[in-house]
Amino acid sequence: MAVPKQKSQPASRQEAQAADVLDASHVRADFPILDRDIHGKKLVYLDNAASTQKPRAVIDAVKHYYERYNSNVHRGVHHLSQEATFAYEGARKRVQALLNAEDDSEIIFTRGTTEAINLVAQTYGRANLGPGDEVLISVMEHHSNIVPWQLVCEQTGATLKAVPIDEHGALVMDELERLLTEKTKIVALGHISNSLGTINPIQKIAAMAHAVSAVLVVDGAQGLPHARVDVRELDADFYAFSGHKVYGPTGIGGLYGRRELLDAMPPWQGGGDMILTVAIDRSTYNDPPFRFEAGTPNIAGAIGLAAALDYVDSLGYERVAAHEAELLAYGTAALEQIEDLRLIGTAPEKAGVLSFVMDGAHPHDVGTILDQEGIAIRTGHHCAQPVMEHFCVPATARASIGIYNTREDIDALVRGLRKVREVFG
Ligand code: 7TS
């Protein structure tokens, strides 16, 4: 098979960093789960777009919270509550710094991307949409960036429109330009597509959206894990993300929102922490971000998320992106050698997602045979049914790359796919 030779590995993490490459073999040592055997084979984890594994630093941060300072936040005068509040608000500052938001009040903790997008739809959307207004999404969106907009359009009488994608899975920019009019109030697009890997030109789209006075909501679920995100440079009005996709815990994520927009937004869920005063007939509401964080938050999750962001930052986002780009190129070249395999998603700007179909083998069968080899990929529609419809496939098999993946993982995938070919002829 005509694939490039493995580069020699630097001897130490320091050497790797000095050489400005990510040394995945050292990174792997930080992830205890990667020692597991599955069906008697070494685990090859290539389902990172669904969820990433956790480094020991994240596991330890969560454990330390529960063992040493577990307590509720923003409530207690007692010491443990103060420690927990300090760590929780520290995590918010960590997210703010990483995203380069202007103020930490612009970071709202949510359960993840899905909840963050629903929050924008049900607060900003409900307050600002009406009959005749339009929300613009695209055909490549995850269901989490489609259904919340369908719901709010039903509730307000606004109309949902979608930018088409081309045969490579890239946005048709001329159509985006045509569909953007003074009727467009919200543009909601993914930073990176989970089913195709396409990287969208967010900065350019922000300028186009703002030219018609629309706000731009970015679904950053796949963006944050793969590149340094600077919300001010991108000029996004909202940016939603999930902790579990960036090596942090499940059940935590967030929403960046421009402060002047958050200030004007009504609350969404009611409960503790989001109020200033409550009487039986009316309540007054707290300022952002607390107005949008009703009830006891996921404190351990936020602390784990901050540890995850510290971890990725310590590796260097630029190295992470370069490592994944190199593996994507290696994997693409390798998969192109496999007979009757068709890659779905070949946009010129692409992150570490290898979605494919194989003649004569259903993606679920591909996934099952690979599982027997200890290789974890995802099969199905990836919560992106309009993408499947566009490419006229019911489902794809998808290998998605993370920081700990190596060329050996891709080689194992290729060997597994050759087994699939043998089984299905
Ligand atoms: N948006 C995108 C682009 C995603 O990839 C996902 C999850 C979500 C939103 C939802 O994130 P959540 O954390 O709120 O669930 N994507 C996938 C996937 O590709 N396979 O499993 C989940």
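On a 1 Å grid over the protein atoms alone, a cavity is a set of points where a 1.4 Å probe fits but cannot get out, and its lining residues have an atom within 4 Å of a point. The model is predicted, so that local features need pLDDT of at least 70 and side-chain atom pairs count only at pLDDT 80 or more, while totals for chains, interfaces and linings use all residues. Residues are numbered from 1 along each chain as its sequence is written, and side-chain values use heavy atoms, with hydrogens and water left out.

By this rule there are two cavities of 30 Å³ or more. The second largest cavity, with a volume of about 40 Å³, is lined by N48, A49, I192, Q222, H226, A351, G352, V353, S400 and I401. Its lining draws at least three residues from each of domain 1 (13-54 + 317-423) and domain 2 (58-313), the bounds coming from an automatic or database domain assignment.

## Ligand site

Of the 15 residues around the ligand (a heavy atom within 4 Å), T114, D219, S242, R378 and R398 come nearest. The shell around the ligand likewise draws at least three residues from each of domain 1 and domain 2.

Where side chains are concerned, a nitrogen atom of the ligand is 2.5 Å from an N or O atom of R378, an oxygen atom of the ligand is 2.8 Å from an N or O atom of N194, and a nitrogen atom of the ligand is 3.4 Å from an N or O atom of H142.

Note on methods: A polar contact is a pair of N or O atoms within 3.5 Å; within protein, one must be able to donate a hydrogen and the other to accept it, and residues adjacent in sequence count only if both atoms are side-chain atoms. On a 1 Å grid over the protein atoms alone, a cavity is a set of points where a 1.4 Å probe fits but cannot get out, and a pocket is an open set with protein on both sides within 12 Å along at least five of seven lines; lining residues have an atom within 4 Å of a point. Grid points are joined across faces, edges and corners, and a volume is the space filled by probe spheres set on the points.
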